Amino acid sequence: MSALPDPRLPAGPIADAWRRTREDLPLISPLRKRQLHLLVVGTGLAGASAAATLAEQGYRVTVLTYHDSPRRAHSVAAQGGINAAKNYAGDGDSVGRLFADTLRGGDFRAREAGCMRLAELSSAIIDQCVAQGVPFAREYGGTLASRSFGGALVSRTFYARGQTGQQLLYGATQALLRQVAAGRITLLPRRDVLDLVTVDGVARGVVCRDLISGSLEVHTAQAVLLATGGYSNVYFLSTNALRSNASAIWRAHRQGALFANPCFTQIHPTCIPSGDPGQSKLTLMSESLRNDGRVWVPAIPGDLRPPDRIPEGERDYFLERLYPRYGNMAPRDLASRRARELCNAGHGVGPGGRSVYLDLRDALAEQGRGPIAQRYGNLLEMYERITGDDPYAVPLRIYPAPHYTMGGLWVDYQLMSSIPGLFVLGEANFSDHGANRLGASALMQGLADGTFIAPASVTAWLAGHPTPELGADHPACREALQRARGRIEGLLAVAGSRPVDGFHRQLGALMIHRCGISRDAAGLRAGLEEVAALEQRFLAEVRVPGGAAGPNPELEKALRVTDFFGLAQLMLRDALAREESCGAHFREEHQTEAGEARRDDDRFAHIAAWEHRGDGADPIRHAEPLRFTVLQPSARSYR
């Protein structure tokens with residue numbers, strides 16, 4: 001690939017760019033749609049909504065998920081809410097303000113047109129969800145209730161207690177299952193995608209492994225949609241489900257799909273700290289708790305007194321002190337960085353001093369237990385079950401943890417990757433969040449991509465690219481099948497003695513140290529050498545018991561950890577090449593005297609898109625310049 005593909009950004013004012021673009025997209029007759037077959041991978045919000053919408057339009061759709069039920073997709077774990085510019089609170093919100101907060105929140109490292117489209121579609125998303133029966137919280141008068149999230153000065157986050165993702169996913173899943181019952185969708189659970197099938201450079205299908213029988217399958221279609229989520233499990237300990245992986249997008253990358261901004265990874269400030277060396281997952285506590293909870297640490301380093309014994313004058317409400325305009329609702333990257341700095345300076349609490357307090361005391365005294373329980377009861381119950389502490393009686397202990405990834409496969413304005421016919425939706429793409437995602441924007445993007453954007457853009461592509469049916473005996477299918485089979489046989493043949501989890505845990509510790517909340521050039525270079533060395537030990541020493549036939553969870557782990565090794569090295573390369581600090585990418589060498597990120601707009605106001613060149617060859621870094629017409633880049637200050 002000599003250069004980036006055309007991002008197909010709209011010309012003219014961005015305020016109505018998506019409307020103008022959509023009206024100009026070619027259409028396909030209903031009869032023709034019934035003759036076309038689409039393949040959707042993933043059943044989270046983006047995948048389920050895309051599959052349901054496309055099937056409603058008349059397409060024949062096959063949906064693959066590695067879950068036993070689409071309801072178990074990781075979107076179910078999103079807690080706090082979904083943003084929309086409805087201004088029900090009457091506090092001055094608007095599409096323009098949501099656009100500005102999204103672009104500024106991403107530290108001006110996202111496309112302006114994409115952020116505007118997301119804000120423009122936000123209200124329609126809420127209307128669609130209400131029509132599907134999502135039980136949003138409501139005010140006494142019947143209007144939808146909203147609350148604030150980090151990086152915003154208005155109340156625009158709609159929620160269903162602490163179960164917003166679950167309720168939104170149930171709505172999308174019911175729409176999907178309705179189309180399954182109607183015969184328009186074929187749902188294939190327990191399938192893990194291992195490779196991409198391309199014919200003459202066009203995406204035409206995938207190879208997957210049946211997790212029950214162990215058999216390899218080829219599924220083909222006229223277009224492929226990947227909606228497989230993010231890659232935070234490269235860190236091993238994260239808020240993601242244990243089986244969340246990057247295999248589908250990583251294998252597509254190896255077949256030619258550009259990977260954009262892989263170093264843009266978000267560390268969420270509000271998670272339950274690790275309590276055991278053998279722990280395999282971290283638990284998210286919704287950012288919405290910061291609406292009523294105050295974040296603080298003891299002002300005196302090494303203060304081991306219980307929180308109720310520390311007087312008010314000896315508490316440091318550090319977010320309120322450092323960011324008086326936003327206070328405890330400062331964006332995630334800032335809150336995480338400040339918490340880590342104070343813990344490293346000896347102000348942390350709990351085991352090892354690796355926590356800060358999130359204290360509901362003042363809100364409980366002012367409002368009473370009832371309103372707090374109504375808003376956050378299920379979250380607080382979960383916290384008590386995990387920690388044994390009563391959050392109504394003592395402050396919660398929280399600490400940052402890997403959560404969301406802003407990087408992903410490069411896509412153009414119409415969500416198509418650099419491989420024609422391959423569309424990438426939701427967290428699997430890089431598109432709208434820049435260097436830092438604002439809270440409650442992930443669910444918004446997933447539904448925008450799946451319900452409104454992909455159904456229009458996939459149709460437009462198919463209208464101009466007639467593709468015949470492809471049989472599983474096609475040479476391209478056999479080649480992809482052989483690649484997947486070779487990987488499996490190679491892992492099973494290693495005569496090692498170390499389990500997969502040990503390598504994954506070691507990789508995760510290495511990555512959080514070298515490419516976590518903060519990074520520096522020396523550490524990134526060392527990380528590249530360390531990951532490469534660990535990968536070689538993995539390939540020589542790993543033990544994968546069992547065989548290829550039948551269920552084999554250890555083989556599943558080995559396949560995705562193999563992909564994480566390659567992705568980890570690309571993340572480190574990307575972080576090393578981006579000689580600036582922006583959003584969640586904080587290079588120690590590039591900060592202001594106040595310890596804030598220092599962008600370099602002259603050299604790095606662009607999207608970094610990496611091209612795979614084969615094993616043993618260094619990838620090529622392409623740059624897509626970012627242009628701003630409405631909101632000019634400025635210092636991202638929340639003070």
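This is a predicted model: local features need pLDDT of at least 70, side-chain atom pairs count only at pLDDT 80 or more; totals for chains, interfaces and linings use all residues.
Q: What is the strand order in the open sheet of five strands?
A: The order is β6-β2-β1-β10-β19, with parallel pairing. Strands here are DSSP runs of E with at least two residues, and helices are runs of H or I with at least four, numbered from the N terminus. Two strands pair if DSSP finds at least two bridges between them.

Q: Which are the edge strands?
A: They are β6 (185-188) and β19 (422-424), each of which pairs on one side only. Neighbouring strands of the sheet are turned by 20° against each other on average, direction ignored. Axes are lines fitted to C-alpha atoms, for helices over the stretch in contact, and angles run from 0 to 180 degrees between N-to-C directions.

Q: How many bridges join β2 and β6?
A: Strand β2 (residues 60-64) pairs with β6 in the parallel sense over four bridges. Thr62 stands opposite Thr186 in β6.

Q: Which strands does helix α3 touch?
A: Helix α3 (residues 45-56) packs on the sheet and touches β1 (37-41), β2, β6 and β10 (223-226). Contact means heavy atoms within 4.5 Å. The direction of α3 makes about 165° with that of β2.

Q: And at what angle do α3 and α6 pack?
A: The angle between α3 and helix α6 (residues 164-181) is about 35°, and their axes are 8 Å apart. Residues in this contact include Leu45, Ala48 and Ala52 of α3, with Leu168, Ala172 and Leu176 of α6.

Q: Changing topic, how many salt bridges are there?
A: The count comes to 49. A salt bridge is a side-chain nitrogen of Lys or Arg within 4 Å of a carboxyl oxygen of Asp or Glu.

Q: Where do Lys86 and Asp127 lie?
A: Lys86 is in the loop between β3 (82-83) and α4 (95-105), whereas Asp127 is in helix α5 (residues 112-131), 41 residues apart. Their salt bridge has its closest N and O atoms 3.0 Å apart.

Q: Is Lys86 buried or exposed?
A: Lys86 counts as buried because its relative accessibility is 18%. Buried means under 20% relative accessible area, exposed over 50%, and partly exposed in between (1.4 Å probe, protein chains only). Asp127, at 43%, counts as partly exposed.

Q: How many residues of α16 are buried?
A: The number is 20 of the 25 residues, so α16 is largely enclosed by the rest of the structure.

Q: Which residues are linked in a network of salt bridges?
A: Asp107, Arg109, Arg578, Glu580, Arg599 and Asp601 are linked in this way. Within the pair of Glu580 and Arg578, the closest N and O atoms are 2.8 Å apart, and both residues are buried.

How values were computed. Residues are numbered from 1 along each chain as its sequence is written. Side-chain values use heavy atoms; hydrogens and water are left out.
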